[in-house]
Structures are given as C-alpha cells and as structure tokens.
Amino acid sequence: MSKFARPNIRNMDGYSWGEQPEDSDTIKLNTNENPYPPSPAVEAALAGMSTAQLRVYPQPTADALRDRLAALHDVGRDNLVITNGGDEALRLALTTFVSPGACFGMAEPSYSLYPVLAAIHDAEVVRVDLEADWRLPDDSAARFNEAGAQLVCLVNPHAPSGVLSTRAQLQTFAESFNGVLLIDEAYADFVDPGQGYASSGLVEQENVLILKTFSKGYGLAGLRLGYLLGHGELIRTIIEKTRDSYNIDSISQILGCAAIDDQPYARQTWDAVRDARQWLAGQLGQLGLRSSNSQANFLLVEVESGTMTAQDIYLALKKAGILVRYFNSPRLDNKLRITIGTPEQNERLVSALTQLLT
Ligand SMILES: *Cc1c(COP(=O)(O)O)cnc(C)c1O
C-alpha cells in the first residue's frame, strides 16, 4: 500500500467483485447479469457506428438518451442525469451530498459497494439492521436522523434478498428523513407488474434520487451505463458541479438509445426471468432451499443445517462448473445468492443440486 495514500484509503478494504471466469462453459449465476443478450437493435447500432464519430467529444449531457428516458418514466429531462454505470451514480451521490467526515446511512445487509465508496470519501457509515424478514425497521428514518446521516441508500427490491418495499413505505421514509434518500432500483425491471410498484412519482419529493442501470434489465453490464432520476435541484447540482465532464462516451449514448427504443425486447426478457424465477424458487424449495419472495433476478436461498453448509454447496457447484454467490458474513453465511439464468441453465443447476442434496 503506497505511503502516499490518504489514511482512510490506507485503512480501507476495496470492493470484492464476483468471479468472472475466462472459459465460456461456466454457468454464471453469481453476479446478477441478465441471462439474455441485449436487443438486436443494439448490435445493429454498434455495427452502424464509424470510428470517425469518436474523433470529437460526446454530447456532454447525453441529451438524446435523457429525452428517451424522460419519456419512458414520464418525468422531465431535468429530472435525469446519465452516469457511467449505476456505480458512478452512487459515487456522485456521496461526493455531492455527504461532507467528508460526516455520516452516510445504509441498511445491513445490503450492497457491499456502499461502505467502500463511503470509505473512499472518508464518510462515516451508520447501519440499520434489517428485520428477520429483510424489512426496514419502522423507526429507521428517525435513527438515521439521530446519527446525522446526510445520505441513505436503500436497495429496492432489496439485494441480496429480493424483497420489495412498497412505494408508500419509501415515501414515508423520505418524508421523515432529513437528508437525501437514494433508492437503488438496480433490479426494479424484474418486479412483477402485479405488485403495482411505481416509484418515479417520488421525483417530486425534494430529497429523493432513484438509481437505475442498464446492467441488469437491458443485458448491458459490459457497457457501464446507469442514471439517476430525481428532483430537478438535486439533479442539476450533479450535472453542473460534480459529474466528470463528458462522463458518458459516444458509444454508450448511441447503444443506450437503441436499447431503450426496443422496449418490447427488454420486456420479453423481464417476463422470461420472472417465469424462470417462479419455476426455480419452486424447484429449490422442494430441495429444502427456501427463499423469501424475490422480486429481483436472483434468489437468496437458505441452506438448512445438515451435512452440507452453504459454503460446501458453493464449492461443489463451482467444481461442477456453476458459479453462485456465497457471502462469508454474519447473516448470510448459511445462504446462497443465485442469479436466475436461462431455463437450460436453471435446469442444469437444479440437477446438480439434486445430486448434491438427495
Ligand atoms: C448492479 C447494481 C448496481 C449498479 O451496477 P452498475 O453495473 O454499476 O450499473 C447498483 N446497485 C446494486 C444493488 C446493484 O446490484
């Protein structure tokens, strides 16, 4: 570690990302990517690009993409900032709304990148433990206020459990919270339409940001494209002051537009993932691997105490060429997070688990 690094950087642990195997035979159910490729329209847009377009700087605020997304969510262009992946959106929220040394709030457990970004920014992290059913305690806004949190990030549907909070719960939280609430909707595309979850109306609240990404819903994790929806004042501060100049490259702007324009294709993949989620939850349940009602593209299954621990199963699956996510942390070490794959991948997983567990 360089002696020149700031003390908080020297003392922090970096993010540990999911394994990305080199060989393409591995079934990757460990990082919640969409099992389906991006729309064919994205391929066509890429083929139609010329490198001459890369000679000049990109449109600074990605306005063509902003306009499409504004129409999609029925908000104004001024309610939107495009970011280099959802992860840049998180970093921007921290650097814009949290003073170094001040407090950042999150639920525990939750996305493991949050405390890493807070540590880089030298912010203090305050955690509120989720209830046994992964719901946020009713008094959490009051507890974050008491700790002086300037920003709280809540994932909805929650990761790693997939449990969905209602819009009313989030609105109540936002109304009682003194700082900025960022609702991380990385997985919201996979919520059952029957749940009636629609959060974009919350942008009228002066302290709400909603994070979205192309990584999961649009099968574009490799592109690095995300955005924030929010109140015009919050968004303007980020656009005009804290974002990198030209933070979205020209290729991403063009491919992002192509992906958004093909809503029927994206929706088809979300439907397929939802159907597979229901099938897989049933199959795994029969093997004794129960999960809470996930509204995301993964299941968090609990391994009952028996001959094999969650870690044993993770290692045995890995040997069989199937990667799932094991977290070696207090409330998760008897669980596995399994991304929903294609029907064929899910069947291979079920037969591997049947061999291990029966
Ligand atoms: C995937 C993910 C994001 C954003 O990912 P990007 O690939 O950077 O867009 C944000 N939050 C959570 C909880 C995620 O799982």
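A charge sits over a ring if NZ of Lys or CZ of Arg is within 6 Å of the ring centre and within 35 degrees of the ring normal. With that in mind, welcome to a few close-up views of this predicted model.

**View 1. Arg 337 sits over the ring of Phe 298.** Here Arg 337 lies over the face of Phe 298. The distance from the ring centre is 5.8 Å.

**View 2. Tyr 15 and Tyr 111 meet edge-to-face.** The structure holds eleven aromatic pairs, and this view shows one of them. Because the planes of the two rings stand at 80°, the pair is edge-to-face, with the centres 6.2 Å apart. The partners come from distant parts of the chain, 96 residues apart. Tyr 15 belongs to the loop between helix H1 (7–11) and strand S1 (27–28), while Tyr 111 belongs to the loop between strand S3 (103–108) and helix H5 (113–120). Tyr 15 counts as partly exposed, at 26% relative accessibility, and Tyr 111 is also partly exposed, at 24%.

**View 3. Phe 214 and Tyr 227 form an edge-to-face pair.** Their ring centres are 6.1 Å apart, and there are 65° between the planes. Phe 214 lies in helix H8 (residues 214–217) and Tyr 227 in strand S8 (residues 226–230), so this pair ties together parts 13 residues apart in sequence. Phe 214 is buried, at 0% relative accessibility, and Tyr 227 is buried too, with a relative accessible area of 3%.

**View 4. Ring pairs build a cluster.**

Key: Residues are numbered from 1 along each chain as its sequence is written. This is a predicted model: local features need pLDDT of at least 70, side-chain atom pairs count only at pLDDT 80 or more; totals for chains, interfaces and linings use all residues. Side-chain values use heavy atoms; hydrogens and water are left out. Rings of Phe, Tyr and Trp (its six-membered ring) pair if their centres lie within 6.5 Å; planes under 30 degrees apart count as stacked, over 60 as edge-to-face and the rest as tilted. Helices (H or I, at least four residues) and strands (E, at least two) are DSSP runs, numbered from the N terminus. Buried means under 20% relative accessible area, exposed over 50%, partly exposed in between (1.4 Å probe, protein chains only).
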